Amino acid sequence: MTLTEALSIRVNELLKEREITQYKLYTLSGVSQSTISDIRHQNNKKVTLNIIYEIAQGFNMDLPTFFDCPLFKNWNITD
């Protein structure tokens, strides 16, 4: 799995878990809806750590919590 795929899956998981929409995440994080959409649909191959930080903040998480899932384990990421 690529890092782009893992990031997409994680954002989609959190949206579903917390029952919030992409628009609500935009209002909570300040990250544009188009950027969130690009991440969710794997259209953005280079996402900065700052954007991920802002998205994590929108989910009311810090970065370690955001990345603390099996998707981001070394053996899962191929790029």
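Phe66 is buried in this predicted model, with a relative accessible area of 0%. Two further phenylalanines are grouped with this residue: Phe66, Phe67 and Phe72 form one aromatic cluster. Phe72 is likewise assigned as buried, at a relative accessible area of 14%, because the limit for that class is under 20%. Phe67, in contrast, has a relative accessibility of 29% and counts as partly exposed.

A pair of aromatic rings is described by the distance of the centres and the angle of the planes. With ring centres required to lie within 6.5 Å, the count of aromatic pairs comes to four. One of these joins Phe66 and Phe67, whose ring centres are 5.2 Å apart; the planes stand at 90°, so the arrangement is edge-to-face. For Phe66 and Phe72 the centres are separated by 6.2 Å and the planes by 35°, so this pair is classed as tilted.

Arg10 also approaches Phe66. This arginine belongs to helix 1, which covers residues 3-17, and is buried, with a relative accessible area of 7%. Arg10 is positioned over the face of Phe66, 5.7 Å from the ring centre. A polar atom of the Arg10 side chain is also placed 2.8 Å from the backbone oxygen of Phe66.

When residues up to four places away in sequence are not counted, Arg10 touches Met61, Thr65, Phe66, Asp68, Cys69, Leu71 and Phe72. Among them are Phe66 and Phe72, two members of the aromatic cluster.

Note on methods:
Residues are numbered from 1 along each chain as its sequence is written. This is a predicted model: local features need pLDDT of at least 70, side-chain atom pairs count only at pLDDT 80 or more; totals for chains, interfaces and linings use all residues. Side-chain values use heavy atoms; hydrogens and water are left out. Rings of Phe, Tyr and Trp (its six-membered ring) pair if their centres lie within 6.5 Å; planes under 30 degrees apart count as stacked, over 60 as edge-to-face and the rest as tilted. Buried means under 20% relative accessible area, exposed over 50%, partly exposed in between (1.4 Å probe, protein chains only). A charge sits over a ring if NZ of Lys or CZ of Arg is within 6 Å of the ring centre and within 35 degrees of the ring normal. Helices (H or I, at least four residues) and strands (E, at least two) are DSSP runs, numbered from the N terminus. A polar contact is a pair of N or O atoms within 3.5 Å; within protein, one must be able to donate a hydrogen and the other to accept it, and residues adjacent in sequence count only if both atoms are side-chain atoms. Contact means heavy atoms within 4.5 Å.
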